[in-house]
Amino acid sequence: MAEKAPDVVVSEVVDAPPSKVWELVGDPSRIGEISPETYSIRWLGGASGPKPGARFVGWNRKGLLRWPTTSTIAEYEPERTISWDVDVVGQSVARWSFTLEPEGGRTRVVQRWQDKRTPIAAIVGKGRTSDSPSHNKAGMERTLATVKRRVEG
């Protein structure tokens with residue numbers, strides 16, 4: 001049986017208070033402004049913004065490959081944390097999150113990817129989308145560099 005991939009955690013200190021950083025990371029509808037992979041989302045089922053249980057479809061790209069994912073907001077605490085579970089065929093395969101930690105007048109932004117796939121699903125997923133921990137870590141580092149640049153800019 002294949003070993004489960006480890007979680008990936010990256011962080012960046014931004015020279016701004018959590019409220020300013022939250023404007024950019026606290027709503028998945030703005031993810032297209034900061035993510036190298038997800039370029040658009042649409043809220044589902046009458047949802048108009050993030051709150052626990054709200055669902056959205058996200059559109060992703062990697063080279064010429066394009067694919068949608070469906071996600072559900074798992075945690076939402078304004079100016080502190082947001083997380084969402086990505087589902088494939090009704091099964092959660094990953095949890096993505098942003099957490100803000102105040103540091104004086106600055107903010108440490110922590111982004112986490114938690115792999116929730118079964119070992120077999122991880123093998124299939126890697127073959128289809130190559131979403132390995134190292135690939136996700138590189139994308140997450142780019143995301144947080146973009147957050148820093150945009151918020152401090």
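## Basis of the model

Strands here are DSSP runs of E with at least two residues, and helices are DSSP runs of H or I with at least four, numbered from the N terminus. By that rule, Thr69 lies in strand 4, residues 65-77.

This is a predicted model, in which local features need pLDDT of at least 70 and side-chain atom pairs count only at pLDDT 80 or more, while totals for chains, interfaces and linings use all residues. Residues are numbered from 1 along each chain as its sequence is written, and side-chain values use heavy atoms, with hydrogens and water left out.

Is Thr69 buried or exposed? Thr69 is buried, at a relative accessible area of 17%. The cut-offs are under 20% for buried and over 50% for exposed, with partly exposed in between (1.4 Å probe, protein chains only).

Its side chain makes a polar contact with the side chain of Asn60 at 3.5 Å. A polar contact is a pair of N or O atoms within 3.5 Å; within protein, one must be able to donate a hydrogen and the other to accept it, and residues adjacent in sequence count only if both atoms are side-chain atoms. Leaving aside residues up to four places away in sequence, Thr69 touches Phe56, Val57, Gly58, Asn60 and Val86. Contact means heavy atoms within 4.5 Å.

Two strands pair if DSSP finds at least two bridges between them. Strand 2 and strand 3 are antiparallel, with six bridges. Trp43 stands opposite Phe56 in strand 3. Phe56 also has a bridge partner in strand 4, Ser71.

Strand 3 (residues 55-62) pairs with strand 4 over eight bridges, again antiparallel. Arg55 is bridged to Thr72 of strand 4. The two strands form a hairpin with two residues between them, and Gly63 in the turn has a positive phi of about 65°. Strand 4 then runs antiparallel to strand 5, joined by seven bridges. Tyr76 has Ile82 of strand 5 as its bridge partner. This hairpin has three residues between its strands, and Glu79 in the turn has a positive phi of about 65°.

## The nonpolar core

The largest nonpolar core has 29 residues. Such a core is a set of buried Ala, Val, Leu, Ile, Met, Phe, Trp, Tyr and Cys residues joined through side-chain atoms within 4.5 Å. Val21, Val25, Trp84, Phe98 and Val147 have the most contacts inside it. Elements that each supply at least two core residues include strand 1 (8-14), helix 1 (18-25), strand 6 (91-103) and helix 3 (133-152). Strand 6 gives the most, with five residues.

Val147 touches Val14, Val21, Leu24, Val25 and Ile34, not counting residues up to four places away in sequence.

## Helix 3
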